[in-house]
Amino acid sequence: MLFRSLKAALPDTPELDKLIDQINDAAAKTGVDWQTITPTKPATFSASSAQAIAGGFPGGMRSVIVGMQVNGAYHQVTDFVTKLMGISRLLDVDSVNLNGVGGTAKSTAQLTTQIFFVPPAAGSVPATSTVTP
């Protein structure tokens, strides 16, 4: 069970199609209208090499920055951000920029998030190791 949860949180490809489904689900549940989603090209995650090796990722973890724009009332936008933080993917909300906040008026939110994945070659570790004296 733990392995499946970890595999869902850190897949071996970006799985943007599944991410879009999860974003769409969060938007439907909170009532926001999402306007755009703009993923960047995958890049090596910038943790120190000692952290990457200690974490079992000798080749490093990869990340994709995903920008989003959503429209909705203030409480809908905050609920949306909360839902995003609860999806099965390892997702970091880096920033939220709200415009037009106030009362029941519609707000526009620009979000910058980051998702992570571990390519198979980067995360592969030999099943056994032999030490010869």
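Asp25 is partly exposed, with a relative accessible area of 39% (buried means under 20% relative accessible area, exposed over 50%, partly exposed in between, with a 1.4 Å probe and protein chains only). Its side chain meets that of Lys29 in a salt bridge, 3.2 Å from N to O (a side-chain nitrogen of Lys or Arg within 4 Å of a carboxyl oxygen of Asp or Glu). Lys29, for its part, is exposed, at 56% relative accessible area. Both residues sit in helix α2, four residues apart, or about one turn of the helix; helices here are DSSP runs of H or I with at least four residues, strands are runs of E with at least two, and both are numbered from the N terminus. The model is a predicted one, in which local features need pLDDT of at least 70 and side-chain atom pairs count only at pLDDT 80 or more, while totals for chains, interfaces and linings use all residues. Residues are numbered from 1 along each chain as its sequence is written, and side-chain values use heavy atoms, with hydrogens and water left out.

The salt-bridge count comes to three. Lys7 pairs with Asp12, their closest N and O atoms being 3.2 Å apart; Lys7 is partly exposed at 37%, and Asp12 is partly exposed too, at 28%. Glu15 and Lys18 make another salt bridge, at 3.8 Å from N to O. Lys18 is partly exposed at 46%, and Glu15 is partly exposed at 22%. Glu15 lies in the loop between α1 (2-9) and α2, and its phi is near 50°, a positive value in a residue other than glycine.

As for the overall layout, the protein has five helices and five strands, in the order α-α-β-β-α-β-α-β-β-α from the N terminus on. Of its 133 residues, 32% count as buried. Among contacts (heavy atoms within 4.5 Å) with a separation of 6 or more, 72% are between residues 24 or more positions apart.

Strand β5 (residues 107-117) is mostly covered, with eight of its 11 residues buried. Strands count as paired if DSSP finds at least two bridges between them. β5 pairs with β3 (residues 62-72) in the antiparallel sense over 11 bridges, and here Ser63 stands opposite Phe116. β5 also runs antiparallel to β4 (residues 91-99), joined to it by eight bridges, with Leu98 partnered by Ala109.

Helix α4 (residues 74-84) has Gln76, Val77, Phe80, Val81 and Leu84 buried. These residues cover an arc of only 140° around the axis, so they are on the same side of α4; the arc is taken from the directions from the helix axis to the C-beta atoms. Their cover includes α2 (16-30), β3, β4 and β5. Within α2, Thr30 is buried at 10%, and beyond its neighbours within four places in sequence it contacts Gln76, Asp79, Phe80 and Lys83.

The largest nonpolar core has 20 residues, of which Leu19, Met68, Val70, Phe80, Leu84, Leu91 and Leu111 touch the most other members. Such a core is a set of buried Ala, Val, Leu, Ile, Met, Phe, Trp, Tyr and Cys residues joined through side-chain atoms within 4.5 Å. The elements giving two or more residues to this core are α2, β3, α4, β4 and β5. Leaving aside neighbours within four places in sequence, Leu91 contacts Leu19, Leu84, Thr113, Gln114 and Ile115.
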